[in-house]
Amino acid sequence: MKEDYYQVLGVSRTASESEIKSAYRRAAMKCHPDRCPGDKEAEERFKKVNEAFTVLSDPQKKQMYDQYGHDGVNAGAGGFGGFNASGFGDVGDIFGSVFGDIFGGGFGGRGGGKPRAQRGEDLKVDVDLTLEQAYEGMEKEVSYHRVERCAACDGSGAEEGSSVKTCRSCGGRGSVVYQQGFFSMRQTCPDCGGKGTVVEKPCKKCRGSGVERVKENITVKIPSGVRTGVTLRVSNGGDIGTNGGGYGDLYVEMHVKEHKIFKRDGDNLVIDAPITYPQAVLGGSIKVPTIEGKEVEVEIPKGTQFADVLKMQGCGMPKLGKKGFGDLLVNVKIEVPKKTTSRQKELLEELAKETGGKKSLFEKLFD
Ligand SMILES: [Zn+2]
Ligand SMILES: [Zn+2]
């Protein structure tokens, strides 16, 4: 059984054109061969994702697929022919519109022309924060690598003094068309690699590619209240595009480490506070640390029970992107001493006599 195209992209059957497109980008990024070199499974997945998008992004093919399923779109030898007598000639264009998005404009559009400008790849970096840093917010220095314009040749790919010429093989289109049986295939020009231009003497630094991998150091402003999984976007922080396409974006994902004392529950913080049995019975107050590094006094009401939760309003985490703070939840733990002094023992025995009149659960059960 062939996998359902909608399932392959992870969208519902009612997904809009833009939902399908963004689902495809997400899916294709995950298993892109450049990201998972040598991973056969990722490669298979990548093919499936592309096949699904080829169909679902084309209104005509999508309709055929919705109506007839895989049979509607897979009748021809090439996979995407058959449903339309004149469909064969379009193969190059289908691939151009789909793969062009990923392979950096390797395929030209219908009729050639200028090589397709392609936006650079989005990148992701992870940032580790302590809970205190997440509380405060901070400016954090982040280092990562990205593909940038070659500094030596300013992106031209040509060694100083040598010129850049239009590629003769493809006439500057970046793609060449050749015939294979029924199919007229458009392929990336092997001589210029899709750029449409060739250099006389390639730049020594980038070997004519016009780009180089560079280390970037940027400062990211992390707002207070972030939690693990929150991702900040740095516009144009990703790889440079090809053929004049813009930069991709950089995504900075937050990872907030666990804290020794505080547990996080949304915007609330939770802390365990040991109290004594007399404190629980008679009431009193204890001091509890806050994430800010201060101490707050917490009232223990008379008759506090085991696992009662006392709320210190506004002593939790700042609400991300909003005003205000969560609460500090104090989990009361009534401590039972393992050792007692003889005086304590005497008092407890006295107390036991006083409370001894109470029936046990067992007795209550048979009453
Ligand atoms: Zn260069
Ligand atoms: Zn060429």
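Colleague: Which residue stands opposite D128 in strand 9?

Modeller: D128 has H255 opposite it in strand 9, where a strand is a DSSP run of E of at least two residues, a helix is a run of H or I of at least four, and both are numbered from the N terminus. This is a predicted model, in which local features need pLDDT of at least 70 and side-chain atom pairs count only at pLDDT 80 or more, while totals for chains, interfaces and linings use all residues. Residues are numbered from 1 along each chain as its sequence is written, and chains are lettered from A and ligands numbered from 1 in the order in which they are written.

Colleague: In which sense do strand 1 and strand 9 pair, parallel or antiparallel?

Modeller: Two strands pair if DSSP finds at least two bridges between them; here strand 1 and strand 9 (residues 250–256) are parallel, over seven bridges. They belong to an open sheet of three strands with the order 1-9-8 and mixed pairing, whose edge strands, strand 1 (123–129) and strand 8 (231–234), each pair on one side only.

Colleague: Which residues have the most contacts inside the largest nonpolar core?

Modeller: In soluble globular proteins, nonpolar side chains tend to be buried together. A nonpolar core is a set of buried Ala, Val, Leu, Ile, Met, Phe, Trp, Tyr and Cys residues joined through C-beta atoms within 7 Å, and a residue is buried if 20 or more other C-beta atoms lie within 10 Å of its own, exposed if 12 or fewer, and partly exposed in between, with C-beta atoms placed from the backbone. The largest such core here has 25 residues, and L131, A134 and V256 have the most contacts inside it. Strand 9 gives the largest share of this core, four residues.

Colleague: What is A134 in contact with, leaving aside its neighbours within four places in sequence?

Modeller: Two residues are in contact if their C-beta atoms, placed from the backbone, lie within 7 Å; on that basis A134 is in contact with L129, G225, V226, R227 and V256.

Colleague: Why does K257 count as partly exposed?

Modeller: K257 counts as partly exposed because it has 13 C-beta neighbours inside 10 Å. K257 lies in the loop between strand 9 and strand 10 and, not counting residues up to four places away in sequence, touches D128, L129, T130 and L131. K257 and T228 are 29 residues apart in sequence, yet their C-alpha atoms are 8.2 Å apart in space.
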